Amino acid sequence: MALNGLLDIDLAVKNPQELCDFWSRNGLNSSTAGVLGTDERKKQITVVEDDYRHLDALHLSCEFESDLAAIAQRIGEMGVESKISGTNLSCVDPIFGHRISIDVGVAPSLQQNPERVFNSPGRNQRVGTRAEALLETAPRRPRRLGHVVLATPHFEKATAFYVDGIGFRVSDQVLNGIATFMRCESDHHNFFIHPGFTSHLNHYALEVDDVDAIGKLGMAVLAERPDANVVGIGRHNLGANIFWYLTDPSGNMFEFFSDMDQITDDEAWERDFCKRDWEGADGPAGFSVWGPKEPESFINQPDLFEIAAAREARGLI
Ligand SMILES: [Fe+2]
């Protein structure tokens, strides 16, 4: 009985067409107007118009109808109303203000790609042919939306809502326990909440096949948006994913990632409630194992005052 998937998100931006066009050029499909998807998951991001960028909806899945009733009861005890209609529960996030929709079901499974052949000392497997990364005429495309990261000054309340109410499972915590990695699938994190100056979307993340796919996709973005680089490329400590963070034309940070830790036995996983700041860098709570160490540009996004003003005008906390 549990949440079992991050299905898709709605993303509000000032210029939806610009964002859809960007992703159409950079690896997502946009066959339906405003809906971005991958080859196997047709709907991953629905782009809607608003006067500031924000997460507009979070769409999850769970195993059973009884999960919906349990979630409704738990968030109800926190003072959050919800509506169950058939096999769907809907409510409004009490901190960020986005809609939450939970369906009984499961996301389409992903095909396993033919494994790439790598050479290493004493283990030469690719002989007499060039690496696939050279032979491919285009970057491998993103496979799925993997996680979403939000920041808020009300991180304690927000984390309690998603863990104790909605039912995300905690994987690790950093920054003296105030930033929380959560999962609803086997991925180390499908959701992460950390402290922030105002409540906002930190980034959305697209999973790709491997490090070559990250590099080639990221370089394609830089070719058309030379100022898009934020942080990367590197390998995170917590989650262990190889990352590259860039910005889209709407000012959102996004991540191409691969090779994230997977957790299938909740009991066996040892959480790291690390007490160190992640600027501590070399410990398990460090931002990266290798690659950029400082997350300053990751956290302090340039439009936070604009977002704070827009939220205040709407009476959002
Ligand atoms: Fe991420």
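Helices (H or I, at least four residues) and strands (E, at least two) are DSSP runs, numbered from the N terminus. The model shown is predicted, so that local features need pLDDT of at least 70 and side-chain atom pairs count only at pLDDT 80 or more, while totals for chains, interfaces and linings use all residues. Residues are numbered from 1 along each chain as its sequence is written, and side-chain values use heavy atoms, with hydrogens and water left out.

**View A. The iron site.** The iron ion is coordinated by H147 (NE2), H203 (NE2) and E255 (OE) at 1.9 to 2.2 Å, where donors are N, O and S atoms within 2.8 Å of the metal (3.2 Å for Na, K and Ca), and water is not among the atoms, so sites may look incomplete. Along the chain, the donors follow the spacing H-x55-H-x51-E. Because H147 lies in strand β9 and E255 in strand β16, the pair ties together parts that are 108 residues apart in sequence. H147 is buried, at 0% relative accessibility, and E255 is likewise buried at 0%; buried means under 20% relative accessible area, exposed over 50%, and partly exposed in between (1.4 Å probe, protein chains only).

View B. An open sheet of 8 strands has the order β10-β11-β12-β9-β13-β16-β15-β14, with mixed pairing; two strands pair if DSSP finds at least two bridges between them. Its edge strands, each pairing on one side only, are β10 (169-174) and β14. From one strand to the next, the twist averages 20°. Helix α4 (residues 155-166) packs on the sheet, touching β9 (144-152), β10, β11 (179-183) and β12 (191-195), and its direction makes about 160° with that of β12. Contact means heavy atoms within 4.5 Å, and axes are lines fitted to C-alpha atoms, for helices over the stretch in contact, with angles running from 0 to 180 degrees between N-to-C directions.

View C. Strands β14 and β15 run antiparallel and are joined by 5 bridges, and the bridge partner of V231 in β15 is Y245. A cis peptide bond, with omega of about 5°, joins G232 and I233, and I233 has its place in strand β14 (residues 229-235).

**View D. Two loop residues with positive phi.** Most residues other than glycine have a negative phi. A240, although not a glycine, has a positive phi of about 65°; A240 is found in the loop between β14 and β15 (242-247) and is buried, at 14% relative accessibility. D259, with phi near 60°, is found in the loop between β16 (253-258) and α6 (296-299), and D259 is partly exposed, with a relative accessible area of 45%.
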